[in-house]
Structures are given as C-alpha cells and as structure tokens.
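Here are some quick notes from going through this one. Have the model open while you read, and follow the points in order.

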Amino acid sequence: MPERLLPRYPIYVPSKGRHDACYTARFLIQDGVPFRLVVEPGERDRYAAAFGPERVLTLPWDNPGSVIPARNWIKEHATAAGYERHWQLDDNIRRIRRLYRGKRIPCAAGVALRVVEDFADRYENVALAGLNYEFFAIGEELPPFYLNGRVYSCTLVLNRIPHRWRIRYNDDTDICLQVLADGWCTVLMNAFVTQKCRTMTVKGGNTADLYQGDGRLKMARSLERLWPGVVKTSRRFQRPQHVVRDAWRRFDTPLRPKPGVDLAQLPPVDERGMALVQVAPIRSPRLRAWYEARVDEMG
C-alpha cells in the first residue's frame with residue numbers, strides 16, 4: 001500500500017458551541033489528518049474532552065461577537081510558526097469527496113488537501129485556494145477548477161498577503177474580493193469537493209448570532225455598502241442574497257507559475273495513490289455498471 005498523503009500546511013478549525021457536533025473534527029480524525037481546533041477559553045475543556053487536549057488551541061478572549069477575530073488570530077499563529085500557507089476549515093464539513101466521471105466519491109481528506117497545496121504552490125500569485133461545495137459541483141463537464149471567484153469554508157490561505165478578515169457578515173466573500181481587487185488569484189477546486197452541512201442546520205457557530213430575523217438582509221446590505229458597484233442585494237432562493245457583478249468574471253488576473261516551474265513536465269495523470277474501491281454493496285444496476293466500467297479502465 002502506498003503511504004497516505006497528508007497536507008504539508010497546518011489545518012485550523014475555528015469552532016464555537018459545537019463540541020458535540022463538530023463534524024469537521026470527526027472526519028479529519030477518521031482520515032488520520034492532523035488539525036487544531038481553535039476555541040474560546042470558556043469552551044476549551046468541553047472540546048478537549050471530546051477531541052483531546054492536543055488538538056485544541058485556546059483563543060485569548062471569550063465572546064468576541066463573530067469568528068473574524070479568530071480567523072485573523074489563526075493567520076498570525078500560522079505565520080509566527082513559519083508556514084507559507086495555512087488551512088481554515090469550517091466546523092460543519094462532513095467529509096471530502098472526489099468528483100470523478102460525474103460521480104462524487106468519498107475520498108481521504110489528506111490527499112485532497114495535498115493536491116490543492118501542490119497546485120497553489122506552483123504559482124506565485126495564488127492568495128486563496130480551496131474546495132467547492134458538492135451541491136454546486138454537478139455533472140461531467142465541470143472544469144477541474146474555477147479561477148478568480150469565491151472560496152468558502154475550506155480555504156488555503158497564503159500567509160504573506162496583507163489582507164485580513166474584517167466584517168461580521170460575509171467575511172469570506174469580502175476577503176476574496178480584497179485579494180482579487182489587488183491583483184491576486186483565487187482557485188476553487190471542483191476535482192475535490194466538500195460535503196458541508198447547509199447553513200442553519202447545525203446548532204452553534206453563527207446560527208443564533210447572524211442568521212436569525214433579518215440577518216440575511218443585513219449580511220447582503222453590509223457587503224453591498226463595502227463594495228458599491230461590485231455587489232448588489234437581490235432575492236434568490238426565496239431569501240435576500242448578495243450578488244457579485246458579472247458573476248466574478250471581471251476578475252481576470254492569470255496564474256503566474258513560479259520561476260523554475262515547468263508545467264509541461266508534470267505527468268498527464270497522477271492519481272496520488274488513489275484507487276477506486278468498493279466499500280459497500282452496490283444495489284443500483286446503473287451504478288454497478290459505472291463502477292465495473294471504471295475498474296476495467298484502470299486495468
């Protein structure tokens with residue numbers, strides 16, 4: 001068996017009120033991927049009891065009102081430790097899947113995150129990279145990644161960028177717009193996707209603080225005020241929603257390979273030790289035929 005790949009950069013999971021429902025910690029432990037939970041002092045003992053004290057980092061404050069101070073503290077922590085990049089994962093991700101021939105197949109988290117790191121490290125201007133949501137990655141015609149758009153929830157951050165998380169609402173959209181407006185690139189992978197719980201379906205986190213009442217409208221309006229002419233407030237999916245003008249297409253900075261990186265020398269296919277393995281009975285005849293055809297392709 002080939003050695004399982006793991007990320008080279010540290011993984012931080014800011015969490016609040018979810019010591020008994022921190023799905024991200026559960027799947028990372030199951031996949032053998034190291035990480036640190038970042039929690040407030042008042043919740044440290046509960047998280048340590050649930051996941052082990054060695055996996056817990058304690059913030060220097062309680063109840064700051066949003067996750068923003070924690071995100072900036074994490075970036076400073078990773079920078080002080082000497083890392084070029086770091087991961088920030090939301091705490092409500094159930095697992096990572098690989099998008100392969102139109103199917104979203106569970107895969108080991110370590111190899112998926114390592115592939116994103118290797119991709120980002122080939123270029124000198126990738127500020128943020130990450131994984132798409134599985135419910136946005138449908139069909140066989142998707143490109144392996146989108147360039148210069150949003151990156152949410154599972155994000156690899158370049159530590160030397162000067163940008164910070166700065167607003168209570170839609171902080172992830174705001175930091176993406178910050179780096180893109182300053183000529184950096186973002187990369188959103190479709191080759192691997194996250195199975196993330198839908199907003200407001202898990203207790204804790206920002207559910208009570210941000211999304212109740214007219215929280216959705218406040219979120220959209222605050223981003224619109226910060227980015228006039230770029231963001232507007234509309235109504236989608238029967239709720240207020242921010243909309244980025246031209247669907248992000250105005251951001252067209254190309255990727256710049258690092259000096260010495262020859263993309264032509266990369267192998268056309270590198271499975272990184274991954275293999276298609278049946279782990280449960282396949283009851284669907286259609287899925288069975290798909291699986292057998294893929295196994296035959298692989299020899």
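How many salt bridges does the count come to? Keep that in mind for point 1, and remember throughout that this is a predicted model.

1. **Salt bridges, the count.** The answer is 23 salt bridges.

2. **Glu-84 with Lys-258.** These two form a salt bridge, with 3.6 Å between the closest N and O atoms. Glu-84 sits in the loop between helix 3 (68–80) and strand 4, while Lys-258 is in the loop between strand 12 (239–244) and helix 8 (285–298), so the contact ties together parts that are 174 residues apart in sequence. Neither end is hidden away: Glu-84 is partly exposed at 35% relative accessibility, and Lys-258 is partly exposed at 24%.

3. **Glu-297 with Arg-101.** Here the side chains meet in a salt bridge at 3.0 Å, N to O. This is another link between distant parts of the chain, with Glu-297 in helix 8 and Arg-101 in the loop between strand 5 and strand 6 (103–106), 196 residues apart. Glu-297 comes out partly exposed at 43% relative accessibility, and Arg-101 is partly exposed at 41%.

4. **Arg-114 with Asp-118.** Now for a local pair. The closest N and O atoms of this salt bridge are 3.5 Å apart. Both residues are in helix 4, and because they are four residues apart, about one helical turn separates them. Are they buried or exposed? Arg-114 and Asp-118 are both buried. They also belong to a network of salt bridges, which links them with Arg-8, Arg-85, Asp-121, Asp-270 and Arg-272.

5. In helix 1 (residues 23–30), the buried residues are Tyr-23, Thr-24, Ala-25, Phe-27 and Leu-28. Their cover includes strand 1 (11–14), strand 2 (36–39), helix 2 (44–51), strand 4 (85–89), strand 5 (93–100) and helix 4 (109–120). Take a look at Tyr-23 too: the charged end of Arg-94 sits over its ring, 4.1 Å from the centre. After the helix comes Gly-32, with a positive phi near 70 degrees.

6. **Aromatic pairs.** Searching the whole structure turns up seven aromatic pairs. One of them is Phe-119 with Tyr-123, a tilted pair with 5.3 Å from centre to centre and 45 degrees between the planes. Both of these residues are buried, and together with Phe-145 they make up one aromatic cluster.

7. Why is the pair of Tyr-133 and Phe-135 called tilted? Their ring centres are 5.2 Å apart and the planes meet at 45 degrees, so the pair counts as tilted. Tyr-133 is buried, with a relative accessible area of 10%, whereas Phe-135 is partly exposed at 26%. Elsewhere, Arg-150 has its charged end over the ring of Tyr-152, 5.1 Å from the ring centre.

8. **Cysteines.** Cys-107 counts as buried at 11% relative accessibility, and Cys-154 is buried at 0%.

Terms used: Residues numbered from 1 in each chain as written. Predicted model: local features only at pLDDT ≥ 70, side-chain atom pairs only at ≥ 80, totals over all residues. Heavy atoms only, no water. Buried < 20%, exposed > 50% of the residue type's maximum accessible area, 1.4 Å probe, protein only. Helix = DSSP H or I, 4+ residues; strand = E, 2+ residues; numbered from the N terminus. Contact = heavy atoms within 4.5 Å. Phe/Tyr/Trp six-rings, centres within 6.5 Å; stacked < 30°, edge-to-face > 60°. Lys NZ or Arg CZ within 6 Å of the ring centre and 35° of its normal. Salt bridge = Lys/Arg side-chain N within 4 Å of Asp/Glu carboxyl O.
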